[in-house]
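Keep the structure open while you read.

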Amino acid sequence: MPFTVASWNVLADAYIRADLYKDCHPDAIDPALRFGRLVDGIEALNADVVCLQEVQEDFSSRLAVAIPWKRCFAKKGGGRKDGCEIRMRPPAAPGPWDSFRYSDGSGHVAIVAIVPLPEGPVAVATTHLKWDPPGTPAEKRFGFRQADELIAGLRERASGLPWIACGDFNVTADDPVLARFAEAGLRDAYASMPRANTCVANGRARRIDFLLYTADLMSNPRPLPLLADDAILPSIRVPSDHLPIAATFERLR
């Protein structure tokens, strides 16, 4: 039986600053209005598993009332106001799950949850990798270290199971950080859609959100609307500065 996994950086209210989002319509960044649109957007994904990044605790609690699914939530450390969450549409519910903060002191966090499905369990991980400024030497990049720790975390917690790893990785598909996942046997669900951009940064549309999966799964990614370099997000129609991504998966064995 196919199942759908979605991933979305919902943009924490705590990070919406007037100077960063000065071109946005005021209603697009109003917390109360945005919450309702995010709820509608999450429901519209029609996914069995929804992985969220930049989730504040109060947002998670309110979302649990608006959409009462089973959830796994883990907050970042270091005084950060947000975290990650995995939500599962009933009757699915998380099996064993765990979260861990990366050992580099960044406070960034990952969640690994075992999702029991009729055809067998699948491990789903979500994270928000820390951004590295351009030109950062490889030995100092958070992205490399966090990718390696996420892969190790999946091997420790989900050995022998199919994996899906997703989230905001803060790199593009051609970045060597993605090669770390490929070396571990993870494939990019959107590899065949080079123009499937998910955000606009510094006037350039790009894809920095990923759904990766192991070879014992087959994926069918959901097409994304065309995102141009001059797009302004959040907007009235898109309540985050990222587009959600989703793919339908089937187990091959």
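Two strands count as paired if DSSP finds at least two bridges between them. Helices (H or I, at least four residues) and strands (E, at least two) are DSSP runs, numbered from the N terminus. With that in hand, look at Val124, which stands opposite Ile164 in β8. This is a predicted model: local features need pLDDT of at least 70, side-chain atom pairs count only at pLDDT 80 or more, and totals for chains, interfaces and linings use all residues. Residues are numbered from 1 along each chain as its sequence is written, and side-chain values use heavy atoms, with hydrogens and water left out.

Start with strand β7. How many of its residues are buried? Seven of the seven residues in β7 (122-128) are. Buried means under 20% relative accessible area, exposed means over 50%, and partly exposed lies in between (1.4 Å probe, protein chains only). Val122, Val124, Thr126 and His128 point one way from β7. Ala123, Ala125 and Thr127 point the other way. Both sets are buried.

Now look at the partners of β7. Strand β6 (residues 109-115) runs antiparallel to β7, and six bridges join them. Ile111 stands opposite Thr126 in this pairing. The two strands form a hairpin with six residues between them, where Gly120 takes a positive phi near 130°. β8 pairs with β7 in the parallel sense, also over six bridges.

Move on to Gly167, in strand β8 (residues 163-168). Gly167 is buried, with a relative accessible area of 0%. Which residues does Gly167 touch, not counting those up to four places away in sequence? They are Ser7, Gln53, Thr126, Thr127, Ile208, Asp209 and Phe210. Contact here means heavy atoms within 4.5 Å. Val112 is 55 residues from Gly167 in sequence and 12 Å away in space, C-alpha to C-alpha.

A second hairpin is built from β3 and β4. Strand β3 (residues 70-75) is joined to β4 by six bridges, and the two run antiparallel. Phe73 has Glu85 in β4 as its bridge partner. Six residues lie between the strands, and Gly78 in the turn has a positive phi of about 65°.

Arg87 lies in β4 too (residues 82-88). Is Arg87 buried or exposed? Arg87 is buried, at a relative accessible area of 0%. Its side chain makes a polar contact of 3.1 Å with the side chain of Glu85. A polar contact is a pair of N or O atoms within 3.5 Å; within protein, one must be able to donate a hydrogen and the other to accept it, and residues adjacent in sequence count only if both atoms are side-chain atoms. Beyond four places in sequence, the contacts of Arg87 include Asp48, Leu52, Leu63, Ile67 and Trp69.

On a 1 Å grid over the protein atoms alone, a cavity is a set of points where a 1.4 Å probe fits but cannot get out. A pocket is an open set with protein on both sides within 12 Å along at least five of seven lines. Lining residues have an atom within 4 Å of a point. Grid points are joined across faces, edges and corners, and a volume is the space filled by probe spheres set on the points.

The largest pocket holds about 1,500 Å³. Of its 50 lining residues, the closest to the centre are Asn170, Cys199, Val200, Ala201 and Ile208. β10 (199-201) and β11 (204-206) each supply at least two lining residues. By class, the lining has 22 nonpolar, 11 polar and 17 charged residues. Ala, Val, Leu, Ile, Met, Phe, Trp, Tyr, Cys and Pro count as nonpolar, Asp, Glu, Lys and Arg as charged, and the others, Gly among them, as polar.

The second largest pocket has a volume of about 430 Å³. Pro225, Arg237, Val238, Leu243 and Pro244 are the closest to its centre, out of 23 lining residues. That lining has 18 nonpolar, two polar and three charged residues.

Finally, the model has two cavities of 30 Å³ or more. The largest cavity has a volume of about 50 Å³. Its lining divides into four nonpolar, one polar and five charged residues, and the largest share, three residues, comes from α2.
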